[in-house]
Amino acid sequence: QVQVVESGGGSVQAGGSLRLSCVASGFISRCNYDMMWYRQAPGKGREFVSDIESNGRPSYADSVTGRFSISQNNIKNTVYLQMNSLKPEDTAMYYCKIQQRGWLCRAEDYWGQGTQVTVSS
């Protein structure tokens, strides 16, 4: 099955930057994979942050548009989230999700264990 590992979290001051990485393995060559980021603050629900489809099309939550950028490596097994102008409200556990789909492919989601981002004021 697909394995997902996030890294790059840490503690920064407001206005700082971090780059998160998500590395996936175990892809089935005939399937398509969308890669996306979610986040969850303590006591709150998990919310969508950003995603990038298998064709490279990105999208962003309104709360991060203009500050965060999502990108992939050339073979599309790694997704990055560049986070700039960080705010205290960005503090959360950030999770990478890989969405498997396509003809003759089982529609499944694969989650990483998360990487913590803490932004102090």
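Which residues does Ser 21 touch, not counting residues up to four places away in sequence? Let me start with that, and then move on to the disulfides and the aromatic rings. What we have here is a predicted model, in which local features need pLDDT of at least 70 and side-chain atom pairs count only at pLDDT 80 or more, while totals for chains, interfaces and linings use all residues. Residues are numbered from 1 along each chain as its sequence is written, and side-chain values use heavy atoms, with hydrogens and water left out.

Back to Ser 21, then: its partners are Val 5, Glu 6, Ser 7, Trp 37, Val 79 and Tyr 80, where contact means heavy atoms within 4.5 Å.

Now to the disulfides. A disulfide is a covalent bond between the sulfur atoms of two cysteines, and in this model the rule for calling one is that the two sulfur atoms lie within 2.5 Å. By this rule there are two disulfides. In one of them, Cys 22 and Cys 96 have their sulfur atoms 2.0 Å apart, and the link, with -80° about the S-S bond, is left-handed. This pair links distant parts of the chain, since Cys 22 is in strand β3 (residues 18-25) and Cys 96 in strand β9, 74 residues apart. Both Cys 22 and Cys 96 are buried.

The other disulfide joins Cys 31 to Cys 105, with 2.2 Å from S to S, and here the torsion about the S-S bond is about -105°, so this disulfide is left-handed. Cys 31 lies in the loop between β3 and β4 (32-40) and Cys 105 in the loop between β9 and β10, so the pair ties together parts that are 74 residues apart in sequence. Cys 31 and Cys 105 are buried. If we number the bonded cysteines of the protein in sequence order, the pairing reads 1-3, 2-4.

Let me turn to the aromatic rings. Rings of Phe, Tyr and Trp (its six-membered ring) pair if their centres lie within 6.5 Å, and planes under 30 degrees apart count as stacked, over 60 as edge-to-face and the rest as tilted. The structure holds four aromatic pairs. One of them is Phe 27 with Tyr 33, whose ring centres are 4.0 Å apart and whose planes meet at 10°, so the pair is stacked. Phe 27 is partly exposed, at 29% relative accessible area, whereas Tyr 33 is buried, at 8%.

Tyr 95 and Trp 111 have ring centres 6.4 Å apart and planes at 80°, so that pair is edge-to-face. Tyr 95 lies in strand β9 (residues 92-101) and Trp 111 in strand β10 (residues 108-111), so the pair ties together parts that are 16 residues apart in sequence. Together with Tyr 38 and Phe 48, Tyr 95 and Trp 111 form one aromatic cluster.

What sits over the ring of Tyr 95? That is the charged end of Arg 46, 3.8 Å from the ring centre, where the rule asks for NZ of Lys or CZ of Arg within 6 Å of the ring centre and within 35 degrees of the ring normal.

Terms used. Buried means under 20% relative accessible area, exposed over 50%, partly exposed in between (1.4 Å probe, protein chains only). Helices (H or I, at least four residues) and strands (E, at least two) are DSSP runs, numbered from the N terminus.
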